[in-house]
Amino acid sequence: MRQINFNKLLDEIPLYTKAKVSGFLCEHIIEDQSHKLGIGITATNFKSAKISEKLQPRLYCDFENCKSHTYFEFLHGVDHWLKLTEINEKKVSFRCCNCRRSTYTFFLEINPLVDSKADNTTDFEIQKIGQIPRHGKRIPTKASKIIGKERDLFFKGSLSENQGLGIGAFSYYRRVLDLQKDKIFDEVIKVLKLTSRNEALVQELTDAKAETQFTKAVDKIQTALPDGLLIGGHNPLKLLYSALSQALHSHTDEECLELAQDIKVVLFEFSEKLDSALKESVELNEAVNRLARKN
Ligand SMILES: [Zn+2]
């Protein structure tokens, strides 16, 4: 089970996916309990904790003036006390600190892993069991280009991912990459053709398009991608390859969900890299042409 912070749970983790979370409790209550412990009251008396109302998670605000990750503040008026002796179902609501318009409500099932004296180092097992608005990152415009006509399948992958259906999400994303392989390779070729010296790789990519599967096509490519297209020093095609070539039957649903999320993250980042490589080249060409005219 993943160990994450409260912000990541709200922002990134799909419904019905359990994670270990700590660091979201009200400090006042913890200090008060520590004080009482100091004067001899035994720890077993502290069978409750409270979600901190000072939490300000960064979530995506879809309001027209924000359209980015902004800080969200707690909306009060709901009981945020947790009983440590049982599984709690809690509703937490937040409002964007910037526009003060958009809100999020999460329904959480919080399972304390201790039965008394919890503090901000104590792990709780938490899963989201509901969320308004619906969980899921929108497809960035740049990635839409690569996903192209397969956006329905990609959307089904996202829906599966949001519901915590790992095998489903993985299968949909794999299908999208198989079907859009030519488009992805063509985008890479477009970037490679901006500079000379890439002829060998362009040829390999062109030949590899004849394969029906994304993984088989990537397998044929021997030449390294230019540094500008690498993600964290790694070739994104190979990263996608290693995620996609995992055998479904040897992984749990939870492992498939992680793989599906990794595939999506790499695909989104790769489309950013391709786009900025094209843009940089256009800007560079314009600068070169302007200066050349002055000679
Ligand atoms: Zn906002």
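Q: How many bridges join β8 and strand β9 (residues 124–132), and in which sense do they pair?

A: A strand is a DSSP run of E of at least two residues and a helix a run of H or I of at least four, numbered from the N terminus; two strands pair if DSSP finds at least two bridges between them. Here β8 and β9 pair in the antiparallel sense over eight bridges. One example is Glu 109, whose bridge partner in β9 is Gln 127. This is a predicted model, in which local features need pLDDT of at least 70 and side-chain atom pairs count only at pLDDT 80 or more, while totals for chains, interfaces and linings use all residues. Residues are numbered from 1 along each chain as its sequence is written.

Q: What is the order of the strands in the open sheet?

A: The sheet has seven strands in the order β1-β2-β9-β8-β7-β5-β4, with mixed pairing. β1 (2–5) and β4 stand at the edges with a single partner strand each, so one side of each has no neighbour in the sheet. Direction ignored, neighbouring strands are turned by 50 degrees against each other on average.

Q: Which strands run parallel, and which pair in the antiparallel sense?

A: β1 and strand β2 (residues 19–22) run parallel and are joined by four bridges, with Ile 4 opposite Val 21 in β2. Strand β7 (residues 88–96) pairs with β8 in the antiparallel sense over eight bridges, and Asn 88 stands opposite Ile 110 in β8. Strand β4 (residues 58–61) and strand β5 (residues 68–74) are also antiparallel, over four bridges; Tyr 60 has His 69 in β5 as its bridge partner.

Q: Which residues take a positive phi in the hairpins?

A: The hairpin of β7 and β8 has six residues between the strands, and Arg 100 in the turn has a positive phi of about 55 degrees. In the hairpin of β4 and β5, also with six residues between the strands, Lys 67 takes a positive phi near 45 degrees.

Q: Is Ile 29 buried, partly exposed or exposed?

A: A residue is buried if 20 or more other C-beta atoms, placed from the backbone, lie within 10 Å of its own, exposed if 12 or fewer, and partly exposed in between. Ile 29 is partly exposed because 19 other C-beta atoms lie within 10 Å. The residue belongs to helix α2 (residues 27–38). Two residues are in contact if their C-beta atoms lie within 7 Å; leaving aside neighbours within four places in sequence, Ile 29 is in contact with Ala 49 and Lys 50.

Q: Which residues touch the most other members of the largest nonpolar core?

A: In soluble globular proteins, nonpolar side chains tend to be buried together. A nonpolar core is a set of buried Ala, Val, Leu, Ile, Met, Phe, Trp, Tyr and Cys residues joined through C-beta atoms within 7 Å. The largest has 33 residues, and Ala 169, Tyr 173, Val 188, Leu 240, Ala 260 and Ile 263 touch the most other members. Helix α10 gives the most to this core, with eight residues. A second, separate core of 25 residues includes Phe 6, Ala 49, Phe 72 and Ile 110.

Q: At what angle do α5 and α10 pack?

A: Axes are lines fitted to C-alpha atoms, for helices over the stretch in contact, and angles run from 0 to 180 degrees between N-to-C directions. Helix α5 (residues 166–179) packs against helix α10 (residues 253–294) at about 35 degrees, with the axes 7 Å apart. Among the residues that meet are Ala 169, Phe 170 and Tyr 173 in α5, and Leu 259, Ala 260 and Ile 263 in α10.
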